Amino acid sequence: MSKDDRSSLNPFTGKKHYDSVNDDEFLQQSYNAYYNEVNNYQIMDNTEIGQQVIKVSSDLIIAIENYLQRIGRYDYVDGYYDWEVHLLNTNIENACCFPGGKIIVYRGILDVMESVDELAFVLGHEISHALLDHSRTQASVNKTKNTVAQASWIGSLALDMMGMHGAGDLARAAVNVADMGSDFFLTRPWGRDQELEADKLGLIFTYMAGYNVENIPAFWQRFSNNNSNSSDFLSSHPSDEKRIAVMRESLYEIYNTNDFYSRPLLPETPKAKKHFNENNNATNYQIRSNNHYCTQCGNPVKEGDNFCINCGSKL
């Protein structure tokens, strides 16, 4: 299925996203990059940890597809997302999900994890990038930026040809400044917002898949101590403090929401309120409400229930 055959509204944001790339070419380039990367390393899918990575990925995908079916938007992935996951034998501490649902986990990142819940969140975060079309948006922005820069550069050469060399030099200088500015103040800020969006949506789907997300802010704090990113200025990633604050607020919303289906999960880029920025310890505020909810449909359930009376899921 081409993206043109499905609604242009992203089911997770309820919005249309900037898109100027050729869909077939973009997906083919993404798949080529994915398989080129996979072929660079030994595949560990048949190992015990490899099977665990595959299971966690499957749990997340099932939760995502169940959610889309529940809101009537299964068209978003049907015939378009060709899910695939591999664990690669390398010390690289990373994971990624290419457009179209192609997932890579590098073995090195497992060394910094203490639980399967942390693995589920990392995979949920990376899958969320793909579901939110972040790579497509970045590619569209870069394509537009390069087209404008190229046109301006050609214009500066035309000034040279007309004998206006000084004007041509000034025009080229302006193009270079504009290109640098668009990188720092357009493309990169979108990258920061995209990380926060993937954090929140990743938490939601990790929760819906039945994993414990309560300690994810502590996991990120521990991880960031070894990979510190103290400032988000001129960076494609937000500061660790900002990310952790958004995670805390997202947890508060998740645990106190009994309806995940009547409105988009991510109507706007999350920005944590002052309260969540000031609390350095998640125990400083009440995350959980007194209510309990089904992780599959969000319906309120009683403590001690074995099954949800709304959707029948085992609790």
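This is a predicted model: local features need pLDDT of at least 70, side-chain atom pairs count only at pLDDT 80 or more; totals for chains, interfaces and linings use all residues.
**A chat about salt bridges, a sheet and its helices**

Student: Is E114 buried or exposed?
Tutor: E114 counts as exposed, at 61% relative accessibility. Here exposed means over 50% relative accessible area, buried means under 20%, and partly exposed lies in between, using a 1.4 Å probe and protein chains only.

Student: What counts as a salt bridge here? And a helix?
Tutor: A salt bridge needs a side-chain nitrogen of Lys or Arg within 4 Å of a carboxyl oxygen of Asp or Glu. Helices (H or I, at least four residues) and strands (E, at least two) are DSSP runs, numbered from the N terminus.

Student: How accessible is R222?
Tutor: R222 is partly exposed, with a relative accessible area of 26%.

Student: What does E118 form a salt bridge with?
Tutor: E118 forms one with R222 too, the closest N and O atoms being 3.0 Å apart. Because E118 lies in helix α3 and R222 in helix α6, this pair ties together parts that are 104 residues apart in sequence. E118 counts as buried, at 7% relative accessibility.

Student: How many salt bridges does the whole structure have?
Tutor: The search finds 10. One of them joins the side chains of K55 and D59, at 2.8 Å from N to O. K55 and D59 are four residues apart in helix α2, so about one helical turn separates them. D59 is buried, with a relative accessible area of 19%.

Student: New topic! What order do the strands of the open sheet have?
Tutor: The three strands go β1-β3-β2, with mixed pairing. β1 (84-88) and β2 (95-98) are at the edges with a single partner strand each, so one side of each has no neighbour in the sheet. On average, neighbouring strands are turned by 15° against each other, direction ignored. Two strands pair if DSSP finds at least two bridges between them.

Student: What holds paired strands together?
Tutor: Strands of a sheet pair through backbone hydrogen bonds, either parallel or antiparallel.

Student: How do β1 and β3 run?
Tutor: They run parallel, and five bridges join β1 to β3 (residues 102-106). L88 stands opposite Y106 in β3.

Student: Which strands does helix α1 lie across?
Tutor: Helix α1 (residues 23-38) lies across β1, β2 and β3, at about 30° to β3. Helix α2 (residues 48-70) packs on the sheet as well, touching β1 and β3, and its direction makes about 150° with that of β1. Axes are lines fitted to C-alpha atoms, for helices over the stretch in contact, and angles run from 0 to 180 degrees between N-to-C directions. Contact means heavy atoms within 4.5 Å.

Student: Last one: where is S128, and what is S128 in contact with?
Tutor: S128 lies in helix α3 and is buried, with a relative accessible area of 0%. Leaving aside neighbours within four places in sequence, S128 is in contact with A198, L201 and G202.

How values were computed
Residues are numbered from 1 along each chain as its sequence is written. Side-chain values use heavy atoms; hydrogens and water are left out.
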